[in-house]
Every structure is written in C-alpha cells, then in structure tokens.
Amino acid sequence: MGAVLCSVFWGIGQILQVCSFDLLGVSMAMPINTAEQLIGTILFGVFYFHEWHTTRQYLFGIVAILLIIVGVIVISIRGKGSGSVSPQDFLHGIVVVSVSSAGLIGYAVIPRIFGLNGWDMLLPQAIAMWLVISGIVSRVRDNHMWRVKSWQNIITGFCFGIANLTMLLSNELNGVSIGYTLSQMNVVVSTIGGIVILHEHAGERHCKLITGLLLIIGGAIFIGLTK
C-alpha cells in the first residue's frame, strides 16, 4: 500500500514537472521545483521524523532554508521579466511546478512514513508507477504513449531506476532531510543542460539564473552539514 501511494504521488508530480518545462523551460522550472521539494522534505524531516536535535543542526538548517528561498526568488524574478516567458505562462508555470513539488515530496517521504525498505518496495513501486502513468497519459487526447519516441525513452527509465534505488537507500541511511536533499543536486546538470544544450534564456540573463542555482546548492551543502 505504501509503494502504491508513493507511486501515485510520483506520477502526478512527474507529469506536472514535464508540463512545467513547456511553460517555463527546463533551466527555470527545475531549480524552482527542486527548491520547493528541498524545503518540503526538510520540514518533514525535522517536524515529522525529528531528524534534528542540536542547536548546530537547527542553525545550519535555517541557513539552508533561507539560502534556498533566496535562490528561488532570484530565479523567479528573472523568469517574470524574461521576454521568452509571458506573465501568464509564468504564473501558470509556478502553479504547475508547486503542485508537482507537492507530489514529489510525497514520493520522497511516504516510504519513511510506512517504514519501507528500499529493496523490498522497488518492484511493487515500479509496477505501480507504470500503471499510474499509463492511466494518466491514456486519458490525454492524441497522446503518443505507444510511439517510437516514447520507447526511445526507456534508457531514461533505466537511469531513473538506478537513481531511485540509491535515493531510497540513502534516505534510510542519512534521513530524508539529508538523503533526498543531496539526491536533488541533479538540478545542476538539468539547469546547465537547459542553457547549453537546449539554448534556453540567452545572454545576460544567465547571471541571475546561475546565482540562484548557486544559492540553492549552498543550501544543500548546509543541509549536509546537519548530519
């Protein structure tokens, strides 16, 4: 039951995350999405799982949250003024990203709530993920679920499977607030990839995006210091 519930949250979060790429671009959507997930999982780790106990942990944790929030603000201000993203798409994109983040936070914390072992839940979770995503996508008119491009993305699924298992094991060893936070540093690759490979947000606007990204990374480093 825990694996299925976790997969439902993941399915909703994952689809909305991809939708946000169309509205905001990968290089803007991913840092905001990651930051919201980090704040949510940190708060769960602290107040639900009681992973922080000392003054030092709370001090570093508060600094981390502040850095992440400032990073999101820097990136968001940049997006609102960006000529490549209309104000309507920006506001719509922020809502989509935020709902996606809520789903992905549920995906991160539910295994710990149910006390699930990473190895034990991997197979039922994978089956439930496939069923949830297939059910959602099949409801979309003119979907391309069974076309060649979808099958070419199987390699992406293999990469996710490896990442998912290691994240689950890390959450067990390090706690949610640290394990999930460090796993989200893939935001560096996705943001830089959006700029360099997908040619998003050209020219002088890169500076604010990179600044916001560095602030989020700094927050993650401070979270690591709470261990």
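**Surface patch, helices and cysteines**

User: Which residues make the nonpolar surface patch?
Analyst: In this predicted model, a nonpolar surface patch of about 1100 Å² is formed by Met1, Val4, Leu5, Val8, Phe9, Ile12, Phe44, Tyr48, Val95, Val99, Ile113 and Phe114.

User: Which elements give two or more residues to it?
Analyst: Helix 1 (2-24) and helix 4 (87-113) do.

User: And which helix gives the most to the patch?
Analyst: Helix 1, which supplies five residues.

User: Where is Val95 found, and is Val95 buried or exposed?
Analyst: Val95 is in helix 4. Val95 counts as exposed because its relative accessible area is 51%, and the cut-off for exposed is over 50%.

User: What is Gln17 in contact with, leaving aside neighbours within four places in sequence?
Analyst: With that exclusion, Gln17 contacts Met30, Asn33, Gln37, Ser100 and Leu104.

User: Is Cys6 buried or exposed?
Analyst: Cys6 is buried, with a relative accessible area of 0%.

User: Now helix 7. How many residues does helix 7 have, and what does it reach from first C-alpha to last?
Analyst: Helix 7 covers residues 154-174, which is 21 residues. From the first C-alpha to the last, helix 7 reaches 30 Å, close to the 30 Å expected at 1.5 Å a residue.

User: Which residues in helix 7 are buried?
Analyst: Asn164, Leu165, Met167, Leu168, Ser170 and Asn171.

User: Why would residues three or four places apart in a helix point the same way?
Analyst: An α-helix has 3.6 residues a turn, so positions with that spacing point the same way.

User: What do the buried residues of helix 7 pack against?
Analyst: They pack against helix 4, helix 5 (118-138) and helix 8 (176-183).

User: And what follows helix 7?
Analyst: Gly175 does, and the phi of Gly175 is positive, near 90°.

Notes
Residues are numbered from 1 along each chain as its sequence is written. This is a predicted model: local features need pLDDT of at least 70, side-chain atom pairs count only at pLDDT 80 or more; totals for chains, interfaces and linings use all residues. Side-chain values use heavy atoms; hydrogens and water are left out. Patches are made of residues with over 30% relative accessible area and no salt bridge: like charges are joined within 9 Å, nonpolar side chains (Val, Leu, Ile, Met, Phe, Trp, Tyr) within 5 Å. Accessible areas come from the Shrake-Rupley method with a 1.4 Å probe; for residues, only the protein chains shown count as cover. A salt bridge is a side-chain nitrogen of Lys or Arg within 4 Å of a carboxyl oxygen of Asp or Glu. Helices (H or I, at least four residues) and strands (E, at least two) are DSSP runs, numbered from the N terminus. Buried means under 20% relative accessible area, exposed over 50%, partly exposed in between (1.4 Å probe, protein chains only). The expected span of a helix is 1.5 Å times one less than its number of residues. Contact means heavy atoms within 4.5 Å.
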